[in-house]
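Reader: I have just opened this entry and would welcome a guided conversation. Could we go through it topic by topic?

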Amino acid sequence: MSQESDIRRLVNEAHPPRAADLAELHSLQKTRKERDTTDKAASLSATLKSSSREAGPRVVVREPKHLYLPQSPRSRAAAEAEQTDLIKEMFHEMGDIGLKPVVVYHNLSVPELYEHALKYEPSTHIVGQGALATLSGAKTGRSPKDKRVVKEPGSEADIWWGAGSPNYEMDERTFILNRERAVDYLNTLDRLYVFDGYAGWDTQARFKIRVVCARPYHALFMHNMLIRPTEDELHNFGHPDFTIYNGGAFPANRYTSYMTSSTSIDVSLKHKEMVILGTQYAGEMKKGVFSLMNYVLPKMGILSLHSGCNEGKDGDVTLFFGLSGTGKTTLSADPHRPLIGDDEHGWSDRGVFNIEGGCYAKAIGLKEENEPDIFHAIKFGCILENVVFDEETRTVDYDANRITENTRASYPIEHIENAKIPCVGGHPKNIIMLCCDAFGVLPPVAKLTKEQAMYYFISGYTAKVAGTEQGVTEPEATFSACFGSAFLMWHPTKYASMLAEKVEKHGTNVWLINTGWTGGPYGVGYRFKLRHTRAIVDAIHSGELSSAGYENMPIFNLQVPKAVPNVPSEVLLPSNCWADKENYTKTLSHLAELFVKNFKQFEDGGGHVTPEEAHRILEAGPRV
């Protein structure tokens, strides 16, 4: 025997082959922790039950192992023949759709969801920094006019209905029809994705949420946005408190009652379910959970808030309210103050807590120098929605709006380097209400009384600038009650009265900050510099503004500080910055009239404040 043969023999003896063929070799590549999934499969089967499936479909958790892995060493031909027979038996020969097994991928890991998205979604790509870029479909934003709430005896008296309300009614029968449509559609698919997670970091106000969807990207999105359970928590998760059926790729039947388009987002508090049809925009799921929390938390004596939140080194908590474009996400993501959350919170007798497990930041115009925390959070595990990127380098162009202005980044809060985990804090020391005043007449900062805080909280003001939307040629006032009208379930005064009670009880300071224009409206004046706004926020946190001298601004009756460290004193009163004083007074009066007109719908108090309290709130607003 040659020396070469001896060497080959010794190598084979030292490293004998562990597999007879490539498929068997692949089976050795992955390990799986075996657990009893009987209860989990039963729970998922019940979730997917419909009137055509009284017992629910047979559920296979994850992919059936025997469909692609040889169970024992055998010839390739025999393994392939057996595999083919199994596939035929399970997927092709069962004509009754009620008997078709549904392959359910339950709480897959981030790498698994990446693999599934890349395999099954042609619009999905890995881009620079490792994020997953995808398209949300024809809808690149929410469809608030298509949101429906079931009018039910158990909650009807609590819900805000009528003029100004975001809650368009639907009856229970129509909800069930839409639910059946979504569930039946989901059961026709070859694969489904389920994510079980929590809403609410306060364990005494935590709700179990189940999301059933068809797209891996949607499962990853909710993996980021909900609070991720530990392995033990997931094993003992049981039945959810609220279930979302996302059949967004399938349209609503426009001939069904209450439908105004092929899109419908329906919530039933009785059934504790949400149904999505006709839109694949992931933000509908996030805000569906928030709508639920906006209903259930106040019933528990907990104030739900559409706000950002961070905490100082001494434990001082600040809440940031503000509509899109006002700087809420930017200012709450402060490198010197740990982030509790960027968008949704609860305020209980124990303090504040984040409702979510992640952040959903606007990505349009994102720059590292302006928002370093958000920029660096875009890495493996992050979803980039509707962004444009270079085909070869996969470098993202954050300034591009070819698909939509509403480009977004979804990432778990752990991606923020100085996030506070668990996401809870004490009672707020400061509340900052942000607006972007494109009329250029509001001051960069003002201190509010308790009644003013209620007035500006209920008003929820900002302004669109000319050119951002088709047909907008001059500044346009936008009012969104409680800085999140589209997600409210109770009347705005319910939330405002709870806010006032907590502000008074805990001695919280409330501030109005304008991040918009001065010296004239948009197109004439200039926008406040970000560094000056940050200096104002720093002075609030240091306590310097609480002891500052103030002067009154007419018409709005706002108390404006005479000096703020590192901010030019001449910009503090807007009248000083306008060359045309007459036009300034005219514009200020015009904006005051818009506030008064908007507030007329809330003058009666909505049944949550007394007539005397409603009058005091009204008196705290601008006078015309």
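Author: A definition comes first: buried means under 20% relative accessible area, exposed over 50%, and partly exposed in between, with a 1.4 Å probe and protein chains only.

Reader: What should I know about the model itself?

Author: The model is predicted: local features need pLDDT of at least 70, side-chain atom pairs count only at pLDDT 80 or more, and totals for chains, interfaces and linings use all residues. Residues are numbered from 1 along each chain as its sequence is written, and side-chain values use heavy atoms, with hydrogens and water left out.

Reader: Back to Y455 and Y456, then. What kind of aromatic pair do they form?

Author: The pair is edge-to-face, with 5.4 Å from centre to centre and 75° between the planes. Rings of Phe, Tyr and Trp (its six-membered ring) pair if their centres lie within 6.5 Å; planes under 30 degrees apart count as stacked, over 60 as edge-to-face and the rest as tilted.

Reader: How many aromatic pairs are there in the whole structure?

Author: The search finds 24 aromatic pairs. One of them joins W160 and F602, which is tilted because the planes are at 55°, the centres being 6.4 Å apart. W160 lies in the loop between β5 and β6 and F602 in the loop between α15 (581-599) and α16 (611-619), 442 residues apart. W160 is buried at 5% relative accessible area, and F602 is buried at 5% relative accessibility.

Reader: Which residues make up the cluster of ring pairs?

Author: Ring pairs link W160, Y455, Y456, Y461, F479, F556, F595, F599 and F602.

Reader: Changing topic: what is the order of the strands in the open sheet?

Author: Its nine strands follow the order β1-β2-β7-β8-β9-β11-β10-β5-β6, with mixed pairing. The edges are β1 (59-61) and β6 (168-170), each of which pairs on one side only. Helices (H or I, at least four residues) and strands (E, at least two) are DSSP runs, numbered from the N terminus, and two strands pair if DSSP finds at least two bridges between them.

Reader: How many bridges join β2 to β7?

Author: Four bridges join β2 (residues 102-106) to β7 (residues 191-199), and these strands run parallel. Within β7, V194 is the bridge partner of H106.

Reader: And salt bridges, how many does the structure hold?

Author: There are 23, where a salt bridge is a side-chain nitrogen of Lys or Arg within 4 Å of a carboxyl oxygen of Asp or Glu. Among them is E273 with R179, whose closest N and O atoms are 3.0 Å apart. E273 is in strand β11 and R179 in helix α6 (residues 172-187), 94 residues apart. E273 counts as buried at 11% relative accessibility, and R179 is buried with a relative accessible area of 12%.

Reader: Which residue forms a salt bridge with D196?

Author: The partner is R210, with the closest N and O atoms 2.8 Å apart. D196 is in strand β7 and R210 in strand β8; D196 and R210 are buried.

Reader: One last topic: where does the charged end of R191 sit?

Author: The charged end of R191 sits over the ring of Y120, 3.6 Å from its centre. Likewise, the charged end of K151 sits over the ring of W161, 5.1 Å from its centre. The criterion is NZ of Lys or CZ of Arg within 6 Å of the ring centre and within 35 degrees of the ring normal.
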